[in-house]
Amino acid sequence: MSQIDNLPPLREVIAEHGLRAKKELGQNFLLDLNLTARIARVGGSLEGVRVIEVGPGPGGLTRALLAEGAREVIAIERDARALPALAQIAEAYPGRLTVIGGDAMEMDYRLLADGPTRIIANLPYNIATPLLTGWLTSDPWPPYFESLTLMFQREVAERICARPSEDPYGRLGVLAGWRSDARIAFNVSREAFTPQPNVTSAVVHLKPKAVDGTVTVRDLENVTKAAFGQRRKMVRQSLKSLGVPVEGLLAAAGLKGDERAEDLAVETFLAMARALPGLRPRG
């Protein structure tokens, strides 16, 4: 399936519009339409689904999303050079592609959702982690999106999906593990991109799950920041930076205090975050 529609090959599109990838925008274009179609299918059928895409560039993934049956694609693109190429796609798929020229970091994504909505994107590497963190800390939860299917550097993907006692496990893994079921769908080699990045990439799929409403994002972030800020130290020591009686936190989580953050389950961090407000000094 080297050609999925009647539009020109992506290399021709890039040449026609002078879309040399810009490092400062974190751009690495995917030219293999077989691969973009595979990404589009990770979360299942797109029939009846609105898709929000960040950083479409010349539109390889955009075309795959539309060809795979997405009801509508909302594409957010900061690079004005790409807008004419995306306009050609919009003409080929009448009424199904809306392009928003702007900064993905400044969007209110909740306002873009309409009915069943998924976020699917080959994210610019330089904003991938803050975007993910923003989506995972949305309130109320469960959120406005059904799932996230996102491309990251493999190292970041491993941090998102890491489990306790695994080397990449840290604050991002706790956050993702709290609010989603996250998995690495597949790896993507450097050779798939133009220009080639220095690292392997991976597609991650995150499915939101129900969470305990008694834990706030802020409290969990404070606990994980303290615990992983000195990850090689025992938690009795690392948690002191929170400025509350540490023994109260340990008791709430059933800890002795000689454990290390990298070995603690997500549920343990949640127990400490739940207890944190009651341990703060009053007044």
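Student: What share of the protein is made up of buried residues?
Tutor: In this predicted model, buried residues make up 52% of the 283 residues. A residue is called buried when its relative accessible area is under 20%.

Student: Why is the protein called as compact as a globular protein of its length?
Tutor: The protein contains 11 helices and nine strands. Its radius of gyration is 21 Å, close to the 19 Å that the globule rule gives for 283 residues, so the protein is as compact as a globular protein of that length. The C-alpha trace spans about 65 × 40 × 30 Å along the principal axes.

Student: What share of the contacts with a separation of 6 or more comes from residues 24 or more positions apart?
Tutor: Such residues account for 71% of those contacts. Contact here means heavy atoms within 4.5 Å.

Student: Which residues of helix H1 are buried, and what puts them on the same side?
Tutor: The buried residues of H1, which runs over residues 10–17, are Leu 10, Val 13 and Ile 14. They cover an arc of only 95° around the axis, and therefore lie on the same side of H1. An α-helix has 3.6 residues a turn, so residues three or four places apart point the same way.

Student: Which residues are exposed on the other side of H1, and against what do the buried ones pack?
Tutor: Arg 11, Ala 15 and Glu 16 are exposed on that other side; exposed requires a relative accessible area over 50%. The buried residues of H1 pack against strand S1 (29–30) and against helices H2 (33–41), H3 (60–67) and H4 (83–92). Just after H1, Gly 18 takes a positive phi of about 60°.

Student: What makes Ser 165 worth a remark, and where is it?
Tutor: Ser 165 is a residue other than glycine with a positive phi, near 75°. Its place is in the loop between helix H6 (154–161) and helix H7 (171–179). Most residues other than glycine have a negative phi, and most peptide bonds are trans.

Student: Which peptide bonds are cis, and what is omega in each?
Tutor: Pro 142 is in the loop between helix H5 (128–136) and strand S6 (147–153). Another cis bond joins Thr 194 and Pro 195, with omega about -10°. Pro 195 is in the loop between strands S8 (193–194) and S9 (201–208).

Definitions and conventions. Residues numbered from 1 in each chain as written. Predicted model: local features only at pLDDT ≥ 70, side-chain atom pairs only at ≥ 80, totals over all residues. Heavy atoms only, no water. Buried < 20%, exposed > 50% of the residue type's maximum accessible area, 1.4 Å probe, protein only. Helix = DSSP H or I, 4+ residues; strand = E, 2+ residues; numbered from the N terminus. Arc of directions from axis to C-beta. Rg over C-alpha atoms; globule rule 2.2 N^0.38 Å.
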